[in-house]
Amino acid sequence: MIGSFSPFQSDLLHFAVMDKDQIYTDSMANIANFSFDARVADVFTDMIERSVPGYRSIITMIETLTEHYAQPGSRLYDLGSSLGASTLSMRRGITAKDCTIISVDNSEAMVKRCRKVMDRDLHDTPVEVICSDIRNVEITDASVVVLNFTLQFIPPEERFQLLEKISAGMRPGGVLILSEKVIFEDQHLDELLFDIHHDFKRAHGYSDLEISQKRSALENVLIPETIPTHRNRLLKAGFTSVDVWFQCFNFMSMLAIK
Ligand code: GEK
């Protein structure tokens, strides 16, 4: 079976972090706000692959984008790194000399597991895994910054400040890869893609109960915005060229070039 998986998946399988997500299987009287605790960290790879259409493609392409944009002697940041899937891709993509990757997450459970994943990975680019809020981390001399489905968890009113800080810490010609769940101004399209995402999750084995309980848990935690909102804010934050390079239903990824 292993032979049929992509290099990314076999990495994570090799590191044994593929437990099945059953967190919302049983009916709950009270649904607490979603948090990235140990229970989530244990099943995270299965959860995100069955919940985010295109996730695996984005992870794979981060390797290609890193190869293109990483500059010699620069820093690469994976902000909201979870178990380190994007970090592993960046590590594989780097061909420029003397780069360092800084991976940041504020979930101790994620950071603990991410450090183990990095220890077992044999690539020689140094990776520093930091447990911190990304709003408190200094960004300097960066050529590649990845926010892969992380900005959506930052309160909307604080997103501009964070993006401005990232832009200010980047080298000219560097790239921010920003992936997000999005909503659409066109109500018909918005409802259609919302329903199709629901179908995607059902097709990947989630029951209607699991889908609706997870949705309630995420309601005030993951706040999606429209693509024009993201694009305009990135331009205002100091990026010169901004556009979508990948989209699957209501999930997309943008490139913002400094
Ligand atoms: C991947 N990028 O596999 N500071 C630091 N970390 C945060 C913050 C914050 N303020 N808010 C949320 N996180 C990964 C997937 S998951 C996406 C990213 C998802 C962290 C949080 O702890 C979690 O690990 C991650 O951001 C979001 O490519 O679950 O939809």
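## How helices 3 and 4 cross

Helix 3 and helix 4 pass each other in a right-handed crossing, meaning that the near helix is turned clockwise from the far one by less than a right angle. Their axes, lines fitted to C-alpha atoms over the stretch in contact, come within 7 Å and cross at roughly 35°.

On the helix 3 side, the residues in contact (heavy atoms within 4.5 Å) include Tyr55, Ile59 and Glu63. Helix 4 brings, among them, Ser86, Met90 and Arg92. Sorted by class, this contact has five nonpolar, five polar and three charged residues, with Gly counted as polar and Tyr as nonpolar.

## Around the ligand

The ligand is surrounded by 23 residues, each with a heavy atom within 4 Å of it. Tyr55, Gly80, Ser82, Ser86 and Asp105 are the closest. Polar side-chain atoms lie 2.6 Å from a ligand oxygen for aspartate 105, 2.7 Å for serine 86 and 2.9 Å for asparagine 148.

The protein buries 94% of the 660 Å² that the ligand exposes when taken alone (Shrake-Rupley method, 1.4 Å probe). Helix 2 (38–51), helix 3 and helix 4 each give two or more residues to this shell.

## About the model

This is a predicted model, with local features needing pLDDT of at least 70 and side-chain atom pairs 80 or more, while totals for chains, interfaces and linings use all residues. Residues are numbered from 1 along each chain, and side-chain values use heavy atoms, leaving out hydrogens and water.

Terms used: Axes are lines fitted to C-alpha atoms, for helices over the stretch in contact, and angles run from 0 to 180 degrees between N-to-C directions. Helices (H or I, at least four residues) and strands (E, at least two) are DSSP runs, numbered from the N terminus. A polar contact is a pair of N or O atoms within 3.5 Å; within protein, one must be able to donate a hydrogen and the other to accept it, and residues adjacent in sequence count only if both atoms are side-chain atoms.
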